[in-house]
Structures are given as structure tokens and as C-alpha cells.
Amino acid sequence: AITQYINRNINEYFGVVLQICGGVILDDENTVVLVLNNSELINEHKLAYISALRTTIVFISEVNDHDLWAELLDAGIVQHSERNVMDSFNVLKLSESVISYINRCNVQLDFSKLKDEESIKEKLFDSVIECGNILNSKYEQILVSLGFYYDDFDLLNIPSDKLTVLINVNIIRMTANNLLFLRDNYPDQKFCFIRKNIDEYVNIMSGDLFSQEELLEILTWDI
């Protein structure tokens with residue numbers, strides 16, 4: 001009878017719970033999911049509930065209402081995992097909430113173990129590579145583990161520190177097209193690119209690609 005009463009008066013019941021909880025709720029995860037998926041509970045109560053929660057949600061996808069996901073991420077109660085990054089990205093893209101969640105992740109991110117379609121992984125790769133607000137350590141972890149690279153790199157306005165990461169982890173391969181593109185668009189990074197890929201640079205060199213300036217610089221290197 002009490003359960004039926006609560007179900008019929010769920011919003012009144014929750015209003016009382018939120019008043020007496022002292023700003024801290026320690027419900028088990030199954031209860032949290034049931035509460036957040038309850039279509040009778042008004043959004044205002046759900047948001048107040050989330051702000052008081054201290055319970056870790058293992059999979060954000062268990063919460064049906066995508067409008068609550070940003071609040072869950074911002075509350076710091078979603079378990080840090082590749083699965084939650086991918087699911088959050090698929091729904092929210094690289095929103096401020098998703099970026100902050102990624103930057104707070106205290107685990108080594110390895111997307112190679114996810115079984116998602118390659119096209120889904122590629123969308124994440126394409127978005128992350130142009131995002132200047134992800135910490136360099138997380139930027140590198142995500143992009144390297146997704147496993148894509150560029151033979152024809154053509155992205156403009158990549159921040160210098162991010163481009164250095166892309167060069168160092170060999171996402172931008174040493175090809176004639178990439179060398180020409182970096183010369184034209186990222187001249188401050190071209191010697192970093194050449195030094196990292198000196199053997200490939202020598203192998204692709206031709207009369208059309210030759211640069212006396214680059215040769216003179218390379219001759220000063222201890223390689």
C-alpha cells in the first residue's frame with residue numbers, strides 16, 4: 001500500500017526527500033536509474049536529485065532521458081570509461097560537459113577495445129582532432145587508440161601544441177602532400193615534422209620538393 005501511495009504521489013514524496021536529505025543522497029545505482037527513468041517525476045526534482053547524488057553511475061546509457069546527461073556528467077558521478085565517452089559524444093557531441101568529463105577521466109583511455117562501427121569511431125576522431133580544449137594527454141590517448149592517421153592532412157587552425165602531438169604520434173604521416181601543406185600552413189612546425197620523420201623525408205625527396213633552407217637547417221642537426 002505504501003509503495004502504491006508513493007507511486008501515485010511521487011512528486012510530493014520526492015519534495016519531502018529532497019528537503020530532508022541534507023544535500024546528500026547515497027541511493028544504490030539501481031534505485032538511481034529507476035528514479036531518473038521515472039516518467040512521472042518532474043524534471044526539477046530529477047535535477048535536484050542529481051545534484052545531491054554521491055552514487056557512481058557505471059553506464060550513462062542506462063539513463064533514458066538524454067536531457068539529463070549533461071547534468072550527470074557535470075555532477076562528476078558518471079564512471080570514467082571509454083564507453084561513457086563514446087555514448088556521451090554520440091548524444092551530446094563535444095559539448096562543454098563532455099570535454100570537461102574527458103579532461104577529468106582518471107583512467108588511460110583506450111578506444112581500440114570498443115566494438116563500435118569504424119564510422120562512429122571516425123566521427124569521434126574527426127571531432128577530437130579539431131578540439132583545442134581537451135588536455136593534451138587525453139587528446140593523445142583518444143586519437144592514438146582510435147587508430148586513424150592522415151596521408152593527406154588538410155586541417156587549418158589546429159593549435160600548435162595539438163599539432164605537435166599529431167606529429168609526435170605519427171598521425172600526420174610524412175608524405176609529399178603533408179610536407180607541402182605544413183610548409184604552407186604551419187611553417188613553425190615543419191622542422192619538428194621533418195626531424196620526427198627524417199628517414200621518410202629523405203625517401204620522398206625529389207627535385208620538386210627540395211628546399212635549400214631545409215637542407216641547411218638539417219645539416220646543423222646531430223642525427
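Colleague: In which loop does lysine 93 lie?

Modeller: Lysine 93 lies in the loop between α6 (82-92) and α7 (96-104); helices are DSSP runs of H or I with at least four residues, numbered from the N terminus. The model is predicted, so local features need pLDDT of at least 70 and side-chain atom pairs count only at pLDDT 80 or more, while totals for chains, interfaces and linings use all residues. Residues are numbered from 1 along each chain as its sequence is written, and side-chain values use heavy atoms, with hydrogens and water left out.

Colleague: What is phi of lysine 93?

Modeller: Most residues other than glycine have a negative phi. Phi of lysine 93, however, is near 55°, a positive value. Asparagine 170, in the loop between α10 (160-168) and α11 (176-185), also has a positive phi, of about 65°.

Colleague: Why does lysine 93 count as partly exposed?

Modeller: Buried means under 20% relative accessible area, exposed over 50%, and partly exposed in between, with a 1.4 Å probe and protein chains only. Lysine 93 counts as partly exposed because its relative accessibility is 46%. Asparagine 170 is likewise partly exposed, at 25%.

Colleague: How do the axes of α2 and α4 cross?

Modeller: Two packed helices are described by the angle between their axes and the distance between the axes. Axes are lines fitted to C-alpha atoms, for helices over the stretch in contact, and angles run from 0 to 180 degrees between N-to-C directions. The axes of α2 (residues 10-20) and α4 come within 10 Å and cross at roughly 30°. The two helices are therefore roughly parallel to each other, a term for angles under 35 degrees.

Colleague: Which residues make the contact?

Modeller: Asn11, Phe14, Gly15 and Leu18 of α2 meet His45, Ala48 and Tyr49 of α4, where contact means heavy atoms within 4.5 Å. By class, this contact has four nonpolar, three polar and no charged residues. Here Ala, Val, Leu, Ile, Met, Phe, Trp, Tyr, Cys and Pro count as nonpolar, Asp, Glu, Lys and Arg as charged, and the others, Gly among them, as polar.

Colleague: How many residues has the largest nonpolar core?

Modeller: A nonpolar core is a set of buried Ala, Val, Leu, Ile, Met, Phe, Trp, Tyr and Cys residues joined through side-chain atoms within 4.5 Å. The largest one has 66 residues, and Leu72, Phe153 and Leu166 have the most contacts inside it. Not counting residues up to four places away in sequence, leucine 166 touches Ile129, Tyr139, Leu143, Phe153, Ile158, Ile171 and Ile172.

Technical notes:
Parallel < 35°, antiparallel > 145°, perpendicular 65-115°, else oblique.
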